[in-house]
Amino acid sequence: MTELNGEPAGIRELTALAMTNYGHFTTMRVEDGRVRGLSLHLDRLVRDCGVLFGTAPDRDRIRELARRAVTDATEPRTVRVTVYDPDLGLERPGAEARPGILVTTRPAASPSLPPLSVRTVAHHRDLPEVKHVGLFGLLRLRRLAQLDGYDDVLLTDDRGAVSEGATWNVGFFDGHRLLWPEAGCLPGVTRELLRRGHAGPQHTEPIGRDRFGELEAAFALNAGVGVRAIRSIDGVEFDPGHPVLDVLREEYAATDAEPL
């Protein structure tokens with residue numbers, strides 16, 4: 001399904017998104033009409049719309065449109081809500097904007113994906129706090145990594161500190177605590193749910209590449225798959241079967257899912 005403001009999206013509207021590529025989005029995994037962290041996804045859309053367009057979408061309207069998209073779904077679905085203005089052009093992006101709500105769906109990925117092998121790369125996303133549609137740089141880096149035999153990339157800042165994956169947050173376990181990178185990154189919904197729900201100690205601090213050897217486990221987080229093990233970063237191996245990963249998966253699964 002691809003609908004803009006509740007109507008089938010036409011070629012003109014989709015072409016505008018492809019040509020101008022100015023907007024923001026959130027991606028949710030919907031199971032039985034419910035979403036973990038739905039309120040956080042809606043908060044993100046409202047916050048990011050204020051940053052990019054100076055206005056706020058209607059939260060109830062977003063829920064209505066997303067709910068329509070999965071009414072007949074019998075299996076988990078991935079629902080992406082993109083906010084953009086199809087009439088905002090390249091020549092005058094400063095014109096008054098009237099952003100619309102584009103809803104697209106696809107089958108949800110399996111929550112049991114194989115562990116990732118990644119490499120670090122120095123890269124700073126534009127507006128890292130916003131989940132915007134400008135993905136070219138990230139996809140190019142992911143493509144180059146895959147051509148060299150890796151699965152994905154892990155971004156580092158100008159200090160060499162880890163920030164985030166291409167389209168996911170990252171966390172580590174040092175044997176005693178969960179460690180979250182202290183660097184500019186997207187405040188992911190899955191990461192926030194685990195930060196709130198984890199029963200053990202955790203800390204946020206700079207994590208450089210020189211520390212990889214002292215860490216026991218690494219994991220990627222996003223709403224599509226939840227918690228995914230990382231087996232290696234720059235050739236440094238981590239235990240993809242570490243018990244802490246099962247703890248995190250159980251804590252995430254226990255998170256209350258809100259109805260659309």
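How many cavities of 30 Å³ or more does the structure hold? The structure holds one. The model is predicted, so local features need pLDDT of at least 70 and side-chain atom pairs count only at pLDDT 80 or more, while totals for chains, interfaces and linings use all residues. Residues are numbered from 1 along each chain as its sequence is written, and side-chain values use heavy atoms, with hydrogens and water left out.

Figure 1. On a 1 Å grid over the protein atoms alone, a cavity is a set of points where a 1.4 Å probe fits but cannot get out; a pocket is an open set with protein on both sides within 12 Å along at least five of seven lines, and lining residues have an atom within 4 Å of a point. The volume of the largest cavity is about 50 Å³, taken as the space filled by probe spheres set on grid points joined across faces, edges and corners. Its lining consists of H123, H124, R125, P128, L155, T156, D157, S163, E164 and G184. Strands β8 (152-156) and β9 (162-165) each contribute at least two of the lining residues; strands (E, at least two residues) and helices (H or I, at least four) are DSSP runs numbered from the N terminus.

**Figure 2. The largest pocket.** This pocket has a volume of about 870 Å³. It is lined by 41 residues, of which K131, R142, T167, W168 and N222 are the closest to its centre. Helix α4 gives the largest share of the lining, four residues.

**Figure 3. The second largest pocket.** About 340 Å³ of space lies here. Among its 21 lining residues, R29, E31, R36, P111 and Y252 are the closest to the centre. At least two lining residues each come from β4, α5, β14 (226-233) and α6 (243-253).

Figure 4. Buried residues of α2 include L38, L42, L45 and F53, where buried means under 20% relative accessible area (1.4 Å probe, protein chains only). Elements covering the buried residues include β3 (23-30), α3 (59-69) and β5 (77-84). Just after α2, G54 has a positive phi of about 70°.

Figure 5. C49 counts as buried because its relative accessibility is 0%, and C185 is buried at 12%.

Terms used: Buried means under 20% relative accessible area, exposed over 50%, partly exposed in between (1.4 Å probe, protein chains only). Contact means heavy atoms within 4.5 Å.
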